[in-house]
Structures are given as C-alpha cells and as structure tokens.
Amino acid sequence: MIHLLMEAKRQFQQEQKDEIISESLKERAEFNDEDLLAQCVLFFLVGFETMSVCLSYLTYELCINPEVQSKLYEEILAVEQELQGKPLSYSMLAKMKYMDLVIAELLRIWPPAFSLDRVCGKDIDMLDDNQQLLAKFRKGDIVVVPIIALHRDPENFPEPNLFKPERFLEENKSQIKPFTYLPFGVGPRSCIGNRMALMEVKSIIYHLLCKFQLVPAEKTVKNMMDSLKGFHMQPKEKFWIKLLRRNNL
C-alpha cells in the first residue's frame, strides 16, 4: 500500500514536470510527503478497530465450530513442520489455502461493516430484466448498501447462518453471484488497507491456534446475532473465549 502511494506521488510529480495538464490532473490536489505520511498513519489507526472486530468474531466462530478449528490447526501444524523452526513468512502464510477459506467465510458472516455508503455521481434509473423501473438515483444522492443483508441472503448464500468455509473453494466460487460478497467494498473506492488487514488477522490467528485451543467459556454468547446492539458489532455480553494450552508445547 505504501508502495502504491509512493508511485502515485511520483506519477503526479512526473506529470507536473512533463507539463502534462490533462483534465484529470487539473482536478487533482497535490500529493506531497505530508499526505503520504498521513495516509500511512491512517492505515494503522483506522485498522485497529477493524482488526479487533475480525479477530473477536474469528475466535468466536472457531470456538463454536471445533471441526473448522481442527482443520485449520492441522494446516498450521503442516506449515510449522515445513518451517522447521524458522519464523512465519509472508510467502508461507499466503500458501495456507484453508486459512484463506476460513477468513473469507468470516468476512461473509461477520463483515467488518454492516453497510457502506456511496455518493451517486450521476443520474441513474435502475431497471429490472423486464425493463421495469426499480429505483431512481440522482446525482448527489447517498446510497447505502446493506452488506450484511447481502451476505446473509439465502438466495445468495445457501444456509447463510452456518459457518462453512468450503463455500469459497475454487470449484464453488462460480456459484457466488457478482456483487453479493462485499466485505471491503468493490471498485476504485474499496478499502485500500484490506491486504494489510488480512495478513495481520492471518498471522495473529496462526500464532494463537499454534499455542492454544479455543473452546466456549461459561459466558460465551449462544446466539451472537440476537446479542448485537443496534448497528454496532459488539455483543451485549462481550466476547468470552476459553484458551486451553496445547499439549505439544
């Protein structure tokens, strides 16, 4: 991400140097070192809450779905054996296929944000397959997209309330309808920090499961959706997970 920002800065400076004054350049503000630093700091500050939410729900789902946790732990053990005592690397983490499935399913059933909003850039009439008018959007309108409603719609994902990482296997991806899975948004306004957030979640859960087994505690919420307050992602009873130290340590 930092590399992309640096490239954007270089491109802007090069266009100014070459006196390429296009319409898009006229509308852009200068991107200097202070802007670059501010964006880098913003990645870390804004990511804290999203990271904590993802990790809280991931540990919750793993503790109430022990079969998923067991399969993920088996993959972690295989990676540990391949590493032979070396630190976990980016390349090894990227090779963990079942980890990717678990994270993808987590983001479906518990997206970082329940909804996202966008400002309509031009007048649009939305029509159905029969050319019947569904809705009118005018320039400047704020459009709210209910992400969690899309993710939990049984027409988009069968048995939507079940935690099934296998939904995202390569052979099943073709069954996912376009624009029904939007954990980080889509298009040029999608979350720029999604790659960093995913790597952080994967690395933390890797080390956590490597040392501990996650089991429900006495206060663990039985029905998480009923426990949520309003549009916040925090359950009334908070998160309670019991950690059992692995016997192989």
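The model is predicted, so local features need pLDDT of at least 70 and side-chain atom pairs count only at pLDDT 80 or more, while totals for chains, interfaces and linings use all residues. Residues are numbered from 1 along each chain as its sequence is written, and side-chain values use heavy atoms, with hydrogens and water left out.

**Helix 4**

Helices (H or I, at least four residues) and strands (E, at least two) are DSSP runs, numbered from the N terminus. Helix 4 takes in residues 66-83, 18 residues in total. The expected span of a helix is 1.5 Å times one less than its number of residues.

Buried means under 20% relative accessible area, exposed over 50%, and partly exposed in between (1.4 Å probe, protein chains only). The buried residues of helix 4 are V68, Q69, L72, Y73, E75, I76, V79 and L83. They cover an arc of only 160° around the axis, which puts them on the same side of helix 4; the arc is that of the directions from the helix axis to the C-beta atoms. E74 and Q81 are exposed, on the face turned away from the buried side. Just after the helix, Q84 has a positive phi of about 55°.

**Aromatic pairs**

Rings of Phe, Tyr and Trp (its six-membered ring) pair if their centres lie within 6.5 Å; planes under 30 degrees apart count as stacked, over 60 as edge-to-face and the rest as tilted. The structure holds three aromatic pairs. In one of them, Y57 and F239 have ring centres 5.0 Å apart and planes at 85°, so the pair is edge-to-face. Y57 belongs to helix 3 (residues 33-64) and F239 to the loop between helix 9 (224-227) and strand 6 (241-245), so the pair ties together parts 182 residues apart in sequence. Y57 is buried at 1% relative accessibility, whereas F239 is partly exposed at 27%.

The rings of F168 and Y181 form a tilted pair, with centres 4.9 Å apart and planes at 50°. Ring pairs also link Y57, W110 and F239 into a cluster.

**Charges over rings**

A charge sits over a ring if NZ of Lys or CZ of Arg is within 6 Å of the ring centre and within 35 degrees of the ring normal.

| Charged residue | Ring | Distance to ring centre |
|---|---|---|
| K219 | W240 | 4.4 Å |
| R246 | Y73 | 3.6 Å |

Y73, whose ring lies under the charged end of R246, is one of the buried residues of helix 4.
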